Amino acid sequence: TTFWRYCRSVRRSYPFYFFFSVNCEVQPVKLTLFVYMLRYSLVLPMKQRPGLQALASDHGRCLGHDSAWFITRRRYSRSKRLVVAAAYGAEGGARRRVYRQSQAKQPLSSAPVKQIATFVAPAGVFIAATFGMDFRFSSSLVDVLWKLVEKLLMPKPSRSSSVENKSPSQGVKWSFAPGTNLLSGVTAKIDRQSKLTLNEFAKELRAFSSVDMSGRNFGDEGLFFLAESLGYNQIVEEVSFAANGITARGMEAFDGVLEANMVLKTLDLSGNPIGDEGIKCLCDILVNNTGIQKLQLNSVDLGDEGAKAIAELLKKNSTLRALELNNNMIDYSGFTSLAGALLENKTIRNFHLNGNYGGALGANALAKGLEGNKSLRELHLHGNSIGDEGIRSLISSLSSHKAVHLTNMFFLGKITLLDFGNNSITAKGAFHVAEYIKRSKNLLWVNLYMNDIGDEGAEKIADALKENQTVTTIDLGGNNIRGKGVGAIAEALKDNTVITNLELGYNPIGADGAKALSEVLKFHGNVKTLKLGWCQIGPKGAEFVADMLRYNNTISILDLRANGLRDEGAACLARSLKVVNETLTSLDLGFNEIRDDGAFAIAQALKANEDVTVTSLNLASNFLTKFGQSALTDARDHVYEMSEREVNIFF
């Protein structure tokens, strides 16, 4: 009786559950006492158990029946019996004691049975399962078993009429994930919270001209809810639904909405598993749209069938200016369909097909479409394995364009951006690109990143840059260019004052290449961004670059990552930072094996130059200790105190 009351005082509703969840391993004496107490409480009439009467009355259990009690389920017939067994002993070697008593006299009402079952049935199940089988249950598993026993064996206690009238489907939703065993009321609360969140999203769509809702995972249902806010919306011009788990079904949400919206200019659906079927549905809707000018469908599981649907859209839609289909699964067949659309479309300006599977055949097919298209300005074909033959076909088609002189002095059909990065282009392909650079009067940006043009290809590009006076950005990173090729590019910069961004990273130019480039950039060129990361220039190359910084007055961003500069190279650059340089604002020295001595030198240079213009200094992934970091922090604070300029230093 004392033990029973103790359990009740700690956990009123589930005394036996508390006992087993806290004491999973019970000594034989405790087990015997517990089984004896169980027997005492079951077999003896209430009149012979005065110690339990108060306990039963507290719970509203009126166990006043004079006959002996036993355990039964409410739907069992009178001849059914339930066995309560308990195994005892350290190893469970002793035989189970079985207490049985048949229903002999009068049938019992269901109310007392419910009351006793609330206490005894779970106890009997736990005794048999826990001690008879000698399992060690974790508290979480015991919790689940207890609730399962309670749900199966015991009807819910009557609390109020409203509870009794609930349907059997209501109640606990079972799951073994933490925090998911939620009652229906809690689920309703979560649903309300989701609606409130979606309402906030809808308010954004109605309040701002540019809204980014990427990565919020509202799925198809959320899109159906939010799409209503786009219909006849006169405010939002750009919206991103990227990475929200939207599928093909979600595209139906735009039906009747995009046709009515004439203000929305940019729609981003990238990163959603829309697939070809969803793209077909979207294209059918956009045929009648006259507002959207930029459509982003990157990484949407788009294949050749989807590309065909987009091609049909381009033939009919005259408002799209930019179309992004990057990182999909478009093959030769899809490229052919898109090429046919380019022949008929007269308005598309920017065409992105990066990261697909066009290959040389796809490039040849696309070239046929480019011959008849006079509106295209930007062509992005990065990562399509085009090769030299594909480049030859594309350049040949682009070279066939002739400028059309209109009354407003506007030239159509002239490419301003070419992205041929990562396409297995060699020096042979670089020759075709160089020929186009020579003749172009509109080209501004050329990307040949991560090909293999080598020194020979670099020399051909350099010769073209001597004649071209329009290209401002040239990316030749990762092309196996060495000192000889960089020297040719440096010579081209003497006569070219147009190039402002030069990317030469990931080329083994060495110290000799750094010297050739630095000698020219001292007094020539107009380069503002110079990237020489992973170029193996070493401390000797850093010395040439540092000497160039003393005289150069154009470079504002300098990238020297992963060049093995060490403390010697850092010290050389520090000496240049002491000299007044009114243009350098960002210096990246990450991954250079710089230690505390190099950090000390840079810190002293920052303190010595009160007019330093550097606002960003990256020293991440070096070998600095807390002493070097502290010195740099002090230098940063000193600069701020003296000139009120903030220097962002990254360790």
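A salt bridge is a side-chain nitrogen of Lys or Arg within 4 Å of a carboxyl oxygen of Asp or Glu. By that criterion the structure holds 20 salt bridges. The model is a predicted one, in which local features need pLDDT of at least 70 and side-chain atom pairs count only at pLDDT 80 or more, while totals for chains, interfaces and linings use all residues. Residues are numbered from 1 along each chain as its sequence is written, and side-chain values use heavy atoms, with hydrogens and water left out.

Side chains of opposite charge can pair when their charged atoms come close. One of the pairs is Lys484 with Glu459, whose closest N and O atoms are 3.8 Å apart. This pair links distant parts of the chain, with Lys484 in helix α17 (residues 483–495) and Glu459 in helix α16, 25 residues apart. Helices (H or I, at least four residues) and strands (E, at least two) are DSSP runs, numbered from the N terminus. For accessibility, buried means under 20% relative accessible area, exposed over 50%, and partly exposed in between (1.4 Å probe, protein chains only). Lys484 is exposed because its relative accessible area is 58%, whereas Glu459, at 26%, counts as partly exposed.

A salt bridge also joins the side chains of Lys522 and Asp547, at 2.6 Å from N to O. Here too distant parts of the chain are linked: Lys522 sits in the loop between α18 (510–521) and β16 (529–531), and Asp547 in helix α19 (residues 538–549), 25 residues apart. Lys522 has a relative accessible area of 15% and is therefore buried; Asp547, at 25%, is partly exposed.

Asp559 and Arg561 meet through their side chains in a salt bridge of 2.9 Å, N to O.

Helix α15 covers residues 427–439, and its 13 residues reach 19 Å from first C-alpha to last, close to the 18 Å expected at 1.5 Å a residue; the expected span is 1.5 Å times one less than the number of residues. Its buried residues include His432, Val433 and Tyr436. The buried residues of α15 pack against α14 (387–399), β12 (417–419), β13 (445–447) and α16 (454–467), contact meaning heavy atoms within 4.5 Å.

Finally, Ser229 lies in the loop between α9 (219–227) and β4 (238–240). Ser229 is buried, because its relative accessible area is 9%. Leaving aside neighbours within four places in sequence, Ser229 is in contact with Ala202, Leu205 and Arg206.
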